[in-house]
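Me: I'm new to this one and would like a guided tour. Could you show me how to read it, one feature after another?

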Amino acid sequence: MSTTEPARAPARRSAPGDVGYQGEGWVLFAGTMLGVLCVLNLVDGIAAVSNSNFFVGQAEFVFSDLKTWGWVLIVVGVIQGVTSIGVFLRWGGIRWVGVAIAGLNSIAQLIFMPAYPLWGLALFTLDVLVMYGLIAYGGPRR
Amino acid sequence: MTTVDPSTYEVDPGRGWIVFAGSMLSLVGVLNVVYGIAGISNSKVFVRGVEYVIGDLKTWGWLLLITGIVQIVVAFGIWAATEWGRWLGVLAAAANMFVQFMAFPARPGLGIALFFVDVIVIYGLLTYGGRDRDSLADWS
């Protein structure tokens, strides 16, 4: 690593196969997945708050009830939507907001699983991918 | 360390993997603490009337709680890029795979998910934990 700050070179169009290209792809992927999670969580959350029948009846949660978790999902979904935009626009520091919200969502999904089995696992996996993309490749350009 | 072409992104997935492994370990730790406490207090969230290889829900609740706390502590060691963090991280994740397996009947879905997260943690720590730890200091 050179100690001298490189002259701010114009952003180079990386060729496919470049490591840089791959990192770029992971960050865009993470942003896209955050957008997908936002929509899915909003639908789930609204359904849960209005006590929709398509959830498992009388599901027991480790704490609290369906309505509470519905609100949690709605709030998380909204934050994920904003974060997704932020990742695309490369707001400074948005990466750690993304990691935090994906981490929170992964916990929420697993706790929500009794009401909507398997679905929780699918969204949990997406959250892990988002966290990987943002942590490993989301750093500022140098 | 080799000088890199300044016009490229500096992407070193190894450094990211360590931070990622620490994050995953703390995530598993938090869930283990939550479900461990629930297991100790015999929560209704667990599948009833199941048989365990040994012990009962309360035993595994305590073990989940203890592993969870250890994992959260070790996660800080991993983020600090310490040698003990790396090996205790591998140990904590491996031990947790065992605990997840033993407590599996009580909460199947969660057990499967956390089992594979442990695999990810061990992979990250063993593959990338041994090199480049100094550069974690200026990691951003």
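Reply: Let's begin with helix 4 of chain B, where Leu110(B), Gly111(B), Ala113(B), Leu114(B), Val117(B), Asp118(B), Val121(B), Ile122(B), Gly124(B), Leu125(B) and Tyr128(B) are buried. Buried means under 20% relative accessible area, exposed means over 50%, and partly exposed is in between, with a 1.4 Å probe and protein chains only. An α-helix has 3.6 residues a turn, so residues three or four places apart point the same way.

Me: What should I know about the model and its numbering?

Reply: It's a predicted model: local features need pLDDT of at least 70, side-chain atom pairs count only at pLDDT 80 or more, and totals for chains, interfaces and linings use all residues. Residues are numbered from 1 along each chain as its sequence is written, chains are lettered from A and ligands numbered from 1 in the order in which they are written, and side-chain values use heavy atoms, leaving out hydrogens and water.

Me: How many helices and strands does chain A have?

Reply: Helices (H or I, at least four residues) and strands (E, at least two) are DSSP runs, numbered from the N terminus. Chain A has four helices and zero strands, giving the pattern α-α-α-α along the sequence. Of its 142 residues, 44% count as buried.

Me: What span is expected of a helix?

Reply: Take 1.5 Å times one less than its number of residues. Helix 3 of chain A (residues 94-112) has 19 residues and reaches 26 Å from first C-alpha to last, close to the expected 27 Å. In chain B, helix 4 (residues 108-128) has 21 residues and should span 30 Å; its end C-alpha atoms are 31 Å apart, which agrees.

Me: Is helix 3 of chain A mostly covered or mostly uncovered?

Reply: Mostly covered, with 15 of its 19 residues buried. Contact means heavy atoms within 4.5 Å. Leaving aside neighbours within four places in sequence, Ser84(A) is in contact with Gly31(A), Leu34(A) and Gly35(A).

Me: Which residues other than glycine have a positive phi?

Reply: Leu118(A) is one of them, at about 65°, and Ala81(B) is another, near 60°. Leu118(A) sits in the loop between helix 3 and helix 4 (119-137) of chain A and is exposed, at 62% relative accessible area. Ala81(B) is in the loop between helix 2 (57-79) and helix 3 (83-102) of chain B, but is buried at 17%.

Me: How many aromatic pairs does the structure hold?

Reply: Rings of Phe, Tyr and Trp (its six-membered ring) pair if their centres lie within 6.5 Å; planes under 30 degrees apart are stacked, over 60 edge-to-face, and the rest tilted. There are 15 pairs over all chains. Trp26(A) and Tyr137(A) are stacked, because their ring centres are 6.2 Å apart and their planes are at 15°. Trp26(A) lies in helix 1 (residues 19-49) of chain A and Tyr137(A) in helix 4, so the pair ties together parts 111 residues apart in sequence.

Me: Which pair joins two chains?

Reply: Tyr132(A), in helix 4 of chain A, and Trp17(B), in helix 1 (residues 13-40) of chain B, so that pair joins two chains. The pair is tilted, 5.0 Å centre to centre with 50° between the planes. Both Tyr132(A) and Trp17(B) are buried. One aromatic cluster includes Tyr132(A), Trp17(B), Trp26(A) and Tyr137(A).
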